[in-house]
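Biologist: Hi! Could you walk me through this model?
Modeller: Happy to, let me put it up for both of us.

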Amino acid sequence: HAGVLAPPGNDAVTASVLQRLAAGEQIVGVEVECRRKDGSSFPALLTASPMLDEHGTVAGSSAILHDITELKRAQQEVAHLFDLTPDLIAIIAADGRFRQVNAAWTRTLGFGVDELRGRPFADLLHPEDVAVSAEMFRRTLAGEEIAPFFNRQRTRNGEYRSIEWRGRLDGTSGLVFAVGRDQTDQLLLERQLNQAQKMEAVGRL
């Protein structure tokens, strides 16, 4: 019985699957929670097909379950790495909206992940950097390899951070994967060093 497959709390999922099978629908790759003989649960992908009798009526079903415990564990590990890296990571759709960002955006700019998801990347750009950043994005979407470039990203408090970007198009999904490193402090240090060197040179005249 299908109910045996689902641990307590998954009645709605089980009912939905049974209802679709009863309607003659094939189930392909639906993630479900299953229960082992010892009572423990595990995630699985379900593929099921209705079985018809000689009158064309659904008389039962055949099902295949694929245990995805290790896949889910690997996904969790990648998610942890995604959020722990200090660099800003963004997945951007072809329309220029954030599909996903990591926690570094919150640490660096002060905006929550949920605030940015679905938002145009241009919203956070310094007005002077919008045109060049849009052009870089267009070229990346076209599959061109772009050299690292800088733009200024607005923080929640209205200041700007200088971010060095690298991006690449995923040809399969059509998404752009971008990694940005906050170079604000490094650039400030370089300017201060250059200024000190200029002052030193003037003092020698």
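Biologist: Great. What should I know about the model before we start?
Modeller: This is a predicted model, so local features need pLDDT of at least 70 and side-chain atom pairs count only at pLDDT 80 or more, while totals for chains, interfaces and linings use all residues. Residues are numbered from 1 along each chain as its sequence is written, and side-chain values use heavy atoms, with hydrogens and water left out.

Biologist: Let's take α5. What should its twelve residues span?
Modeller: Helix α5 covers residues 130-141, and at 1.5 Å a residue it should span 16 Å; its end C-alpha atoms are 16 Å apart, which agrees. The expected span is 1.5 Å times one less than the number of residues. Helices (H or I, at least four residues) and strands (E, at least two) are DSSP runs, numbered from the N terminus.

Biologist: And which residues of α5 are buried?
Modeller: Those are Ser133, Met136, Phe137 and Thr140. Buried means under 20% relative accessible area, exposed is over 50%, and partly exposed is in between, with a 1.4 Å probe and protein chains only.

Biologist: What do the buried residues of α5 pack against?
Modeller: They pack against β4 (88-92), β6 (149-154), β7 (160-170) and β8 (175-182); contact here means heavy atoms within 4.5 Å. After α5 comes glycine 143, with a positive phi near 90 degrees.

Biologist: Switching to the largest nonpolar core, which residues touch the most other members?
Modeller: Of its 21 residues, those are Ile92, Phe98, Trp105, Leu116 and Trp165. The elements giving two or more residues to this core are β4, β5 (98-101), α3 (104-109), α5, β7 and β8. A second, separate core has ten residues, including Val32, Cys34, Ala44 and Ala48. A nonpolar core is a set of buried Ala, Val, Leu, Ile, Met, Phe, Trp, Tyr and Cys residues joined through side-chain atoms within 4.5 Å.

Biologist: What does tryptophan 165 touch?
Modeller: Not counting residues up to four places away in sequence, tryptophan 165 touches Leu88, Trp105, Pro148, Phe149, Asn151, Gln153, Ala178, Val179 and Gly180.

Biologist: How much space lies in the largest cavity?
Modeller: About 240 Å³. Among its 21 lining residues, Ile92, Phe137, Phe149, Trp165 and Ala178 are the closest to its centre. The largest share of the lining, four residues, comes from α5.

Biologist: Let's move to arginine 36. Where is its place?
Modeller: Arginine 36 is in the loop between β1 and β2, and at 34% relative accessibility it counts as partly exposed. Leaving out residues up to four places away in sequence, arginine 36 touches Ser41, Phe42, Asp67 and Thr69. Arginine 36 and tryptophan 165 are 47 Å apart in space, C-alpha to C-alpha.

Biologist: Last one: is alanine 104 buried or exposed?
Modeller: Alanine 104 counts as buried, at 0% relative accessibility, and its place is in helix α3. Setting aside neighbours within four places in sequence, alanine 104 is in contact with Thr85, Pro86, Asp87, Leu88 and Leu109.

Note on methods
1 Å grid on protein atoms, 1.4 Å probe; cavity = no way out; pocket = protein on both sides within 12 Å on 5 of 7 lines; lining within 4 Å. Points joined across faces, edges and corners; volume = space filled by probe spheres on them.
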